[in-house]
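Here are my notes on the model you sent over. Have it open beside you as you read, and take the points one at a time.

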Amino acid sequence: MKTINKTIYGFFLATILLLIGCSKSFLEIQPNDRLTLDNFFQSESDLQSATAGLYNKVWFDFNDKFYYGLGDGRANNLYAPYSDYIYPFTDLTESSLTGPLVSAWASFYNVIGQSNNVINNIKKNSKGVTEDQKNAAIAEARFMRGTAYWYLASLWGNVILIEDNTTLVNNPVVNTNPRSDVFEFAMRDLEFAAKYLPSAASQTGRLTKWSAFGMLARVYLSYAGISDNPNSGTRSTTYLELARKAAKKVCEESGLALMSNYADLFKVANNNNSESLFSLQWVPNGDYGVINTQQAYFAVSSDITGDDAAWGYYTMASFNVMNEYETADSIRRKATFMAYGDKYTELSKSTGGYIYTTLHNSKKCCNVKKGVVGSTKDTDGASSRMNSALNTYMLRLADVYLLYTEAIMGNNSSTNDATALLYFNKVRTRAGLLPKTSVTYEDIRHERRMELAMEGQYWYDEVRRSYYKQQEVLDRINTEDRAHIDLYNYDKITNTCTATINTSARAVNTATVDRLLMPYPESETVQNPLLKQTPVKYTFTEARITNLFN
Amino acid sequence: MKLTIKKQINLTLLMLLIPMWISAQVITVKGTVKDTKGESLIGVSILEVGSKSNGTITDIDGNFSIKIPKNAKLNVSYVGYNKAIVNIDGRTVINITLDEEAKSLTEVVVVGYGKMKRTDLTGSISSVSNDAISKSVVTSVDQILQGRAAGVQVQQNTGMPGGSSSIRIRGTNSINGSNEPIYVIDGVIIDGSSGSSDSNPLSSINPSDIASMDILKDASATAIYGSRAANGVIMITTKRGKSGDAKITYNGYVGWQEMPKELRLLNLQEYATLKNARSAAGIVQPDNNFVRPDLLGNGTDWQAELFSKALMTTHNLSITGGSEKTTYAIGVGYLNQDGIAVGSGFKRYNLRSNIDSQIKKWLKTGVDLSVSNSNQKLTVSDESLIKIALKQTPDVAARNADGSFDGPQTTEYVQTNPLGLALIKENYREKSGIRGNTYLEATILKGLSYKTEFSFDYGIDNTYKFSPSYSFGAIVNSTIESERSKSYTKFWSYRNIVNYNNVFNKIHSVNIMLGQEAQKSGWEYIYGYRSGFVSNVAHDLSMGDATTAKNAGSSGFNSISSYFGRLFYSYDDRYLLTATLRRDGSSKFAEGHQWGWFPSAAFAWKVSNESFLKNNPTIYSLKLRLGWGKVGNQNLPDNYAFTSTLTSVQTANWGTGMLSGNTANPDLTWESTASSNIGVDLGLFKNRIELTADLYYKKTENLLLQLPLPAYVGTTGNGSTTPPWANVGSLQNKGLELSLNTVNIDKKNFSWKSNFVFSLNRNKVLSLNTQTGIVDGKVTEGSETTIVTRTTIGQPIGQFYGYKVIGRFEKATDFYYKDKNGNLKPTALPEGMAIGVNGAWIGDYIFQDVNNDGVINEKDRTNIGNPEPKFTYGITNSFSYKNFDLSISLSGSYGNKVVNYQRRWLENPAANTNLLEKALHYAVLSKINNSGPVDYRNLYISGGDADMCRMAASSASSTSNFRFSDKFVEDGSYLRIQNISIGYNLPKSILKKIGIDNLKLYANLQNVYTFSVYKGYDPEIGAMNQNALLTGIDNARYPSPRIVTFGLNLSF
């Protein structure tokens, strides 16, 4: 009897317990630290947070070193003999393995990939949002994608155009598309953005129609120079005209104006000022990935940053750039490069201001100022170790003013067009310089170099010029004495920069046609040998917007 | 142990003794029972054959006296010894010697969800006894296995106290997934993978609590663990109580650890000489302090500053005992291991207890609980201090005259003070955990039992980081930062097992087990950060500036539901069959892909039990085994790889932003490994020679692989989506294992036993996502990320991948060669380089132009070494002489290559850091005609080592010479005297008087000496962060220390 009871109990118990494991929900676990696609894209605020991520993290690897390493380093604004993220570019010795090149390539494609995900997820998954709201969000993403493709086209020429990353996953080995298609792709994206972005930002710092027109001006102007003959000396009038119209929109219709004080542009407190058309939005006190690390690479010493992240001692202005400053151009010079004896009251506030007296092997060289904002205390807590919290300018009004002048000048060797001079001189007079009555390309080149030094632009100016005046650009690069000058003495009072020619100072390569483009990263060519093959024409599926300027 | 059993039997039998009937022919027989070593045996049962009541037991000196008919026979039996039948033949004094029973006959092996006699095993299982544990200095259970089990390759990934090992049971099964086995500790499953070199998931377990370890190797043995068993299963049984008087055991040692080897770095004179040469070459500015290097001293030896002798202490106390129905064991342990590098160290406290009780005649219950707390210093690894110490220059002083830390005079391209950082930065991890198991086991009918069991493992893992303000020379940090993180891990499993055991007709032995199990594991994480502390004293977050606060939190859970069964059938103890079947469902896959079947079957033939071999004088035991099984792996780090997710990203003003987090693969499912095994167990001469040999073949399919995609897919770097996980490709492992135990000498006062294990494994990738598919292993150093290994079809996993150096440009003519048609051709130069002092020059390396396209570029990289050993082995010899014992164990690896990665920088004479002494021997160039030009046709190499390149001023040339090539691949073969252990057991006769059962004094030498040609610290390298693709890459790995300990073992 007892045995039977036990048996019954036992099996009863066993049956119940065996049932526990059968419950289906046991294997269904919802994540708590992320969202799944099914429950997002349901409101305008969802769309806004989906595009918010495109303003910082995806650009981080680009901003960290490549922005200035290439934009200024390659254009010989910088001399940084020990910074392997700058000197290979200055010395024209970069290879398919150069670190920042690889991470910039990846960063542009992260911008593209995440923009594609936003665009496609909105198209596929959004519910309960209006068509206008969808288009505005897609326009933001397409602006980002178009901008990234402009960089890729400028740097590598033929690259892979991607609209859907999920299909690429299954077969990543695809052909590149020709540079002209990449430009067209970028222009189509920016045209869509210009059409659907609002004229006033929905949130401070977000893109507007004017951002898109400004960027279009840059891209049209670049594209205008492309032809079969890189030394044709002329540009496409159609695209010069488009560039002029796009720039005109920004200069004349946006209602935006330059900041009155040049140096104020580079203060954290003035992030997203009226002059900013597109800037990367870094997070004060943010996590790695959403912060602006540039100050750590520029700051000459710990006295400025207040921590050990100050690695800029050997990241200096080049002899070449210091030589180009007009003597009266001291406002911009001081805001861009520190000269011996300069005092910056916004730095080291607690000691009454920072006085730059750094010597390099007893020489008075210049370290970088632009991007250096000071310690946590100097910035009311905005900056922290390796994070200046300063937004990175990708496009600002002064840039578009100069593009406008250049577009108006068009294929002429100079211009005294009133509008061209008006905007050109707005930039000059703000810098405390005398206005000009006539402008040549050389004036524009010089003005852009000085105005935008350390804003990652000058190399792209050279690339733009090289599309139709290639030999001029190569000659310029090859006559800058990159190989022969290291340290120099700069006197800020007299604006004189002196150095001795050292015949064996550096191992630099000669600029050649090939060197105007970057090598594809090795990791990419290994995985996709098609990258080095002839590009394949891209098939555009949707109609191009043609009524932007009607 | 032995004494306890004896006493127990003693007591029992005494009670049973009844007055004996005496017959007329009865005589009194006296005598002593001893073992083969001459030790008296206490409590030996002596019975008259055929009588049920006439018997006695031996007393404390082994003496007995029995009244017995003079032609009768004595049946002498004793636990653990072969029984003896002795004819009286009228003798009155009979001294009996009992042979110890061959251990393997009674040995019980823990298999999944049950136990089996070793002789009944059909699968491949290796065991490591408690004896091996006590004869080595191990701080964590994974280290015990080193060189002790065939088919098990153990390499410590770091010598840092508390660090992890890479354990490969029968090779590498997975490319991206974990390759670590699981550990089943008294029923609680612990995953051996942490994905980190520093963090060892097994570090909370005290090795001295362990009674035995059984390693389930082939699929027929592991299939019962189904989804988690792909990399093998290590069953760990902790010590349990036995009925009888309480037994108290203390075991403890103190010792010191030291660097096994130092690298020869430049001293100040040499550094100054080299720097002068660098400045002469225009690489650096001249240093005014180095005008006369010969007047300088040795400078700072940073290696000696960072490394020093370090103490190590452990104390373990255990109490075991019990009544007839209830047994218990309690253990406490303490370990304190300082690191040989400043800024490392490991401390652990353990408490463990278990109780088993027969609460009803038919119902048994028990509970195991163990609590641990450990504290590991991580500064040395988190701050890469070893690398810094190797590179910091000897002209920088470690300390100022006042004792404060000094540093370099500038901040640019200098190293910080590693000693200073190690000592002032707070960086440690404290782990606390509680692990338990409880069961209720009912015997429902004879042979039929039901067990319900609940296990859990909860852990708290806290990290503490504090970076104070400091100034080391010109390096000044005034930002004080503090970081705290807490993670909470949970695991529970609940299972129900029905077991049926019976023997039919005396020859059909059957065991059937059916079970169900549910497991759930997960973690939660929370992180906080503040800076702006006003002082370096109080480190908690609330002391920092609230406006600088950062925080984060995340969690993840996964579950597995399972049903399983096992059938064991033995016919006449000659033919044995084990079959298992498991069905597992995992939450890591989408519906429709969640469930997998995992079957196995194994057959064994005990040949020695056949009539033709029975009582064979040579072959004592012989068993042939044949098995097949299939196991799974669901061990992906991502719980939601099957669905698309969005992750949050911070913004400055707009609240939380979202970015796509991953690329989903809804079809993701189990990785499965099918394995076949053929084995033989042979025992010769009463098992004085025992040989186990196994041949296996394993094929893993549907590999869990995170697809290696080009960066343009958007899967690399900040803001990228993680690449998708997919079931891609297959690979195989095949191999041979041998394990040989011999008793070479077994005399009264002297014995010598040997153990030899040998493992050979060959790994090969059979397919990947595409025919040209590749998976790369990368190492990032500064801003340079380099592919160091490549995995391709037809090759073993993780082949070193780089350029081949085939020579050096010695003279102008080396820039040209004649092809097979006799045409003069230029030697292939690195892409973008021409002959020139800033390009390719005399004294530069010539790389092999693998694809013969006339230029050296990434296409010329090729396989330059295999990290997989041709074979590994272990040899242990144990000697005992009277009360002394000595054990020497060796372990070795043969035929594997390793990468000495830091040589890429430390041997580059143009580099601006301190360097290896080798860097001094760079190729010196001289002009052939002194008045001639600096032209490659007028240069020759006039000095330096034949294998060194020139000092190149151009970074392009210098980078080119030190690109990742076979120059940095070295022979990793080694033979290591792993351990020498010497013990002395105090004579029992003395101890008895003071009430002590056993007292042993011993000394252990661990990691005594390594025979190797390797130029780095230690050829045992392991896998960086347990990553199979980064096996054998030494990137300033923390060297494993040499350890000398003295200890004592006491029980009463």
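1. A word on terms before anything else: a residue is called buried when its relative accessible area is under 20%, exposed when over 50%, and partly exposed in between, using a 1.4 Å probe and protein chains only. Please keep in mind that this is a predicted model, where local features need pLDDT of at least 70, side-chain atom pairs count only at pLDDT 80 or more, and totals for chains, interfaces and linings use all residues. Residues are numbered from 1 along each chain as its sequence is written, chains are lettered from A and ligands numbered from 1 in the order in which they are written, and side-chain values use heavy atoms, with hydrogens and water left out.

2. Chain B first. Its secondary structure comes to 13 helices and 59 strands; here helices (H or I, at least four residues) and strands (E, at least two) are DSSP runs, numbered from the N terminus. The radius of gyration of chain B is 33 Å, close to the 31 Å from the globule rule for 1052 residues, so chain B is as compact as a globular protein of that length. That radius is taken over C-alpha atoms, and the rule is 2.2 Å times the number of residues to the power 0.38. The C-alpha atoms of chain B fill a box of roughly 125 × 75 × 65 Å along the principal axes, and 57% of its 1052 residues count as buried.

3. Now chain A, which has 20 helices and 13 strands. For 550 residues a compact globule would have a radius of gyration near 24 Å, and the 27 Å of chain A agrees with that. Its C-alpha trace spans about 115 × 55 × 45 Å along the principal axes, and 63% of the 550 residues count as buried. Among contacts (heavy atoms within 4.5 Å) in chain A between residues at least 6 apart in sequence, 73% join residues at least 24 apart.

4. Which residues have the most contacts inside the largest nonpolar core? They are Trp59(A), Phe108(A), Tyr149(A) and Phe278(A), in a core of 195 residues. A nonpolar core is a set of buried Ala, Val, Leu, Ile, Met, Phe, Trp, Tyr and Cys residues joined through side-chain atoms within 4.5 Å. Helix 6 (residues 131-156) of chain A gives the most to this core, with 14 residues. Leaving out residues up to four places away in sequence, Phe108(A) touches several others, including Trp59(A), Phe62(A), Tyr151(A) and Trp156(A).

5. On to charges. The structure holds 90 salt bridges over all chains, each being a side-chain nitrogen of Lys or Arg within 4 Å of a carboxyl oxygen of Asp or Glu. One of them pairs Glu258(B) with Lys309(B), at 3.6 Å from N to O. This pair links distant parts of the chain, 51 residues apart: Glu258(B) is in strand 17 (residues 244-258) of chain B, and Lys309(B) in the loop between helix 7 (302-306) and strand 18 (310-322). Glu258(B) is buried, with a relative accessible area of 19%, whereas Lys309(B) counts as exposed at 56%.

6. Take a look at Arg170(B) and Glu737(B) as well, whose closest N and O atoms are 2.6 Å apart in a salt bridge. Arg170(B) lies in the loop between strand 12 (165-169) and strand 13 (182-185) of chain B and Glu737(B) in strand 38 (residues 730-746), so the pair ties together parts that are 567 residues apart in sequence. Both Arg170(B) and Glu737(B) are buried.

7. Is Asp638(B) buried or exposed? Asp638(B) is buried, at 14% relative accessible area, and its side chain meets that of Arg34(A) in a salt bridge of 3.4 Å, N to O. The pair crosses between chains. Arg34(A) is partly exposed, at 23%.

8. Helix 6 of chain B (residues 268-280) has 13 residues and should span 18 Å at 1.5 Å a residue; its end C-alpha atoms are 18 Å apart, which agrees. The expected span is 1.5 Å times one less than the number of residues. After this helix comes Gly282(B), with a positive phi near 80°.
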